[in-house]
Amino acid sequence: MTSIFDSLNTLSKTLLGVGIVDAWKQAPQTKKASEKAAQLAQNKQLREAVIIAEKALAVWSKKPGSWERLICQLLLGKLLDNLTQQLKQWRYQVAEVDKLAANAKTFLKQDRGDPLETQALASAITIYQRCTKIIHDDRISRVIKQCQKELQRRQQFLNLVTKAQSQAENRFYKNAIAVYREAEKLYSTESLRQAIAASVVQVQQEEIYEAAFEKVQQAESEGRLQGAIALLKNALAKFSRSDGLDLLQKLQKTFKGREQFRQGLAAEKAGDFKAAASLYKNAKLLLPNSTDSQIRLALVAIKTQEWATALTHLEAIPGEQAAYLRGFTYAQQEDLQVAYKEWLGLSTPNIAKQREILKNLSQRQRLLRLQNIEHLVAAENWEKAKTESTQFLQKFGSDPLVEQNLNEHIQPRLEAELWKGKDWRIIADKVEEAWISQPNITTLHNLAVANYYLAQIYPIKLANLIFSLSTALANLTEDPSLQDVPWLENKPVEFASVSLELKRRIATAIDALKDTNILEYLNLRDRYRLEVVCLNLMGEPSKSGMKIKDVFITPGYYQHYLPQWQRIFDNRIDANQKILNSLYTNWGLAMAACLEGDYQRAIQLKPSTTDKSDIAAFAQKFVAYHEGYYQLQQQKWREAIIPLKQAKPEIQASQDWQQEIDRLCGLQRQAISEFQEHLQFAQFWYDLLKSRDARSYLAEYKAEQIREQIANEQISLAIALRELQKIKQIDNQNPIVIDLIQRIEFNQEVELIDNLLKNSKFQEAVQCAKESQHQRIRNIVSDICIKILVKGFQNRDLGFEDIYQLGYWAYELCPDDPNVQEVYEFSQELKDIKNLMKCDSFDEAVHRAKYSQHDSIRYYVADFFIKTLLKGIQNRDLSFDLIQQLGRWAYQLCPDEPAFQEIYHSLKIR
């Protein structure tokens, strides 16, 4: 069976140029190698992937015939073509890494080990880290760790030195020395030793100053301020330092404050209360503890019967004296219960008797107020009865009887009297007062009804209806008046239908203004749109939103009542519901317009001022995005710059927004014709998104700009290449940038190699070509080597070594070129013959030359022997036997060469 396969394999080689059995056996190995190389490349092990791919491809012909291509296609499909392309890409990436690593090494060589210099190390680390994004290389990873460790050490050293220098500059020399010592553990430098020595010289003066400073602090604690000030001034005159200057300022301020306080006491004693209050205020600002000054200010206010001012000065001051004065002040204002509470914890003698008096007076006041409320109710003076009841509850606190009487009797009678009239202005005002004082579903229902009828008469009041009815809709399912409606015969209310009908009526009322007052129409439409958008986001029934007690509030009423209810609003909106939250800010109108697609109106509705809250910042960015979106829609990209820059953080957080801006920028690009505008717009797009399209666009036009500058000779190739490398960081796969870089590098390399060749530096030229990324460079230098070899061979002015060196160089550069391979084989055959001669194996060398496939080799070796014997005859340094032997060897190689016949004849060689 084996012989059959061998025969088939041999036959297919003869007929088709490829062994079918060999190909069939090799195909699975090639597939496996391709998969392994791809896996390694995916893991960024590119060097290993290149080796495996090269070995896998080496077993297949580089220039297969038609039958071999067909067999490969049947066995492997496009695997060989794909692997060849991948290998090119991997080689390119490896070369890119090697180039980057060389740049990093250059930076490391520039580093002189100065611990205060970190730029070279940081640059090297950055470049090495770029390498690790392309390739996995343990050596590079180790170098990065070493460099990072050294950089961290230097940064620590720099921080310590900076800190020590700051301490020394501020004359804290002992602290500076301690920090310098820490730095010295990291690096010991001459400048550090000098700095330590300079600080040590100052330590004695510092210690004298610190001893004086301690004495000053002792004098301060004992109250001897003048002596402390004099001592500190003397110490600072000899050794000025910031802590001493700060203490001196504090002592002088305290001394001045005490003087102001003393003068205030004198003025108060003399009855000049105005001057006393002014002096006490000055003392309060100057003294570190302002309690005594505040108590004296309160006493002056009490003496002048300014009770509110006295309470302001006494607010939050601890101690029995302040509590007594507060109680006294409240008692003077007839707020006896509060006064009693202030005096409740006092332990001063005789205070218990005063507390008892307060208690009795308070009870008497309470009884008189209750009797007054009874008389007013009996007289059906409901308005006055309500006022008295409210004041009673505010002064004496909760009372079930008074509260029940107010809620179940007085308030209902007031409301009944109110609704009997038909003056909807008065009704609306009164029910609004009730709503403000007691926000609940009932008062809200009454307010919505009153505003509805008021708006029928006075369309100018339509805004009030929009706000109240929208808030009522947010709480529709909780309205008790819609529970058990008699005429529905126990059927449930269809809240959705009610809501739609009420919304329809509001919209109709707003539309009625369109032809008579367009500005008011637009204003009301904007406000109603905000309410509707908010209602949609709150849910039906409402689940999220701002609340006042148990009532959901829409943005219109939230903004309207913000001054009264700011502290009692309850935010029931989840943190992730940023849009709903934003509708309650002063950006709400613009936000709603954006959400409804009315971007032009949203731009007009932007508020001129805004608060600094996070939610307002989000709202501003949200509107800014839609403004920029609108301007891009209109292809006015310059007008979109500022708003989109403002919205950039939110755009980066939203994939949808990024895609929309990318799409619009793509359309805007098509509308631009001027090159400079393309550049400016591309930069804006890139700065905003850095998307794939933006990177490609900017890189393309920047590269084109470089191309024009080169063409106009405005920039050198070296500078152009540096700029293009920067551009490549924008888009490292951009074909235009890569092509231009390659062209410039090619031209630079051609120029460099040309200069080397002109200076006869062939080896350097060949090495430069070997390191080139451009096959054309290698082809050019290889062709030059072959041309020199052929010309030199023909002119017989090249020695053996020159010939096979040139052949070797050409082969190194283009090992796959058939012509180069032929020349290389020719040169290596000459090399082998020369090596045999060096080993005195001349007969073997002649035999090798005689049976060479190349006639030129036989002639070249024979010519070498002839020239050698002629030179020996001329110099008389060869024996006749050796001369005759050289002639025989030449004759064996070229017996019929006309040029050699005379020599053969003279040596009698036939």
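**Exercise 1. Classify the residues that line the second largest pocket, and state which elements supply them.**

Solution. By class, five nonpolar, six polar and seven charged residues form the lining of the second largest pocket. Here Ala, Val, Leu, Ile, Met, Phe, Trp, Tyr, Cys and Pro count as nonpolar, Asp, Glu, Lys and Arg as charged, and the others, Gly among them, as polar. The model is predicted: local features need pLDDT of at least 70 and side-chain atom pairs count only at pLDDT 80 or more, while totals for chains, interfaces and linings use all residues. Residues are numbered from 1 along each chain as its sequence is written, and side-chain values use heavy atoms, with hydrogens and water left out.

Next, consider position. Of the 18 lining residues, Arg130, Ile134, Lys728, Asn732 and Gln733 lie nearest the centre of the second largest pocket. The elements that give two or more residues to this lining are α5 (79-110), α6 (119-134) and α36 (717-730). With six residues, α5 gives the most. Helices are DSSP runs (H or I, at least four residues), numbered from the N terminus.

On a 1 Å grid over the protein atoms alone, a pocket is an open set of points with protein on both sides within 12 Å along at least five of seven lines, a cavity is a set of points where a 1.4 Å probe fits but cannot get out, and lining residues have an atom within 4 Å of a point.

**Exercise 2. Describe the largest cavity.**

Solution. First, list the lining: Ile441, Leu444, His445, Ala472, Asn475 and Asp479. Then sort these residues by class: three are nonpolar, two polar and one charged. Finally, find the main contributor: helix α21 (residues 441-457) gives the largest share, three residues.

**Exercise 3. Determine whether alanine 277 is buried or exposed, and name its contacts.**

Solution. Begin with location: alanine 277 lies in helix α12 (residues 273-286). Its relative accessible area is 17%, so alanine 277 is buried (buried means under 20% relative accessible area, exposed over 50%, partly exposed in between, with a 1.4 Å probe and protein chains only). Not counting residues up to four places away in sequence, alanine 277 touches Leu297 and Val300, where contact means heavy atoms within 4.5 Å. The C-alpha atoms of alanine 277 and alanine 298 are separated by 9.1 Å, and these residues are 21 residues apart along the chain.
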